Amino acid sequence: MLDIENYSYIDGQRIYLKNVSVENANDIFEYCSDEETVKFLDFEIHKTIEDTLFAIKNYFILSPFGKYGIFLKENDKLIGTIDIRLNNNKKSNFGWVINKKYQKKGYCSEAVNTLISFYTKKISIKELYAIHEIGNVASEKVMDKCGFKKLNVYRTELINNRERKMCIHKILIS
Ligand SMILES: CC(C)(COP(=O)(O)OP(=O)(O)OC[C@H]1O[C@@H](n2cnc3c(N)ncnc32)[C@H](O)[C@@H]1OP(=O)(O)O)[C@@H](O)C(=O)NCCC(=O)NCCS
């Protein structure tokens, strides 16, 4: 039986990962209300702060396991979120997003490495998978940088009424 409390905070170098709360609504709304940032994500753009509060309560708080805000140590600002989704046979997928103002500074890669290192010490995992939409160059680069290898495996998914061609990557855990 997992003790969820042991998974609520993960320490990184410049960042820490912590479960999301309603107090983080303004920081999340800042980037979830930006069309370009949410283009490749699997939820609709947030039009009002109420959309953000709904998402926090129904996604992050209802089942918090594996879901984190990415916080800057220097000022405790939430600059994005990351989640690891483990299914029964421990195959995985990830979700990640970083506020545009903080992109290309290595924060997502740091969050991915921090998360993987933490989870693979706690849970016996042999391999992890990550998936991105073809054309999502930034996400593909994060996978490369974190050591995922591109498999020549593609699948089409219908997400938010749009057919998306997805590309699968995998990393072996030693
Ligand atoms: C994907 C995303 C989370 C990356 O966040 P980030 O903090 O900018 O990523 P990093 O800084 O760790 O970048 C990792 C590498 O990718 C590169 N990179 C990041 N964004 C890039 C872009 N738009 N175009 C080209 N390269 C990019 C970085 O330069 C870095 O490579 P380097 O170390 O060789 O310089 C961010 O672009 C984002 O939030 N996108 C919108 C949401 C999204 O698409 N989520 C993923 C759904 S699968």
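Student: Why does Val-142 count as buried?

Tutor: Keep in mind that the model is predicted. Val-142 has 22 C-beta neighbours inside 10 Å. The cut-off for buried is 20 or more. So Val-142 counts as buried.

Student: Where does Val-142 lie, and which residues is Val-142 in contact with, leaving aside its neighbours within four places in sequence?

Tutor: Val-142 is part of helix H5. With those sequence neighbours left aside, its contacts are Cys-108, Ser-109 and Val-112. Take Ser-109: 33 residues separate it from Val-142 in sequence, yet the C-alpha atoms are 5.7 Å apart.

Student: What makes H5 stand out in the shell around the ligand?

Tutor: H5 gives the most, with 6 residues. Strand E5 (92-98), helix H4 (107-122) and helix H5 (137-145) each supply at least two. There are 21 residues around the ligand, and Gln-103, Cys-108, Ser-109, Ala-138 and Lys-141 come nearest.

Student: How do the residues of that shell divide by type?

Tutor: They split into 10 nonpolar, 7 polar and 4 charged.

Student: Why are H1 and H3 called roughly perpendicular?

Tutor: Helix H1 (residues 25-32) packs on helix H3 (residues 49-61) at about 115 degrees. Roughly perpendicular covers 65 to 115 degrees. H1 and H3 therefore get that label. Their axes are 9 Å apart, and H1 passes H3 in a right-handed crossing.

Student: Which residues meet there?

Tutor: From H1, Ala-25, Ile-28, Phe-29 and Cys-32. From H3, Ile-49, Thr-52, Leu-53 and Ile-56. This contact of H1 with H3 has 7 nonpolar residues, 1 polar and no charged.

Student: What makes the phi of Asp-76 worth a remark?

Tutor: Phi of Asp-76 is near 60 degrees, a positive value in a residue other than glycine. Most residues other than glycine have a negative phi. Asp-76 sits in the loop between strand E3 (67-72) and strand E4 (78-86).

Student: Is Asp-76 buried or exposed, and how do you know?

Tutor: Count the other C-beta atoms within 10 Å of Asp-76: there are 10. Exposed means 12 or fewer. So Asp-76 is exposed.

Student: And Asn-161: buried or exposed?

Tutor: Asn-161 has 6 C-beta neighbours inside 10 Å, so Asn-161 counts as exposed. Phi of Asn-161 is positive too, near 65 degrees. Its place is the loop between strand E7 (149-159) and strand E8 (162-172).

Conventions: Residues numbered from 1 in each chain as written. Predicted model: local features only at pLDDT ≥ 70, side-chain atom pairs only at ≥ 80, totals over all residues. Near = placed C-beta within 6 Å. Nonpolar A, V, L, I, M, F, W, Y, C, P; charged D, E, K, R; others polar. Axes fitted to C-alpha atoms, helices over the stretch in contact; angles between N-to-C directions. Parallel < 35°, antiparallel > 145°, perpendicular 65-115°, else oblique. Left-handed = near helix turned anticlockwise from the far one by under 90°. Contact = placed C-beta atoms within 7 Å.
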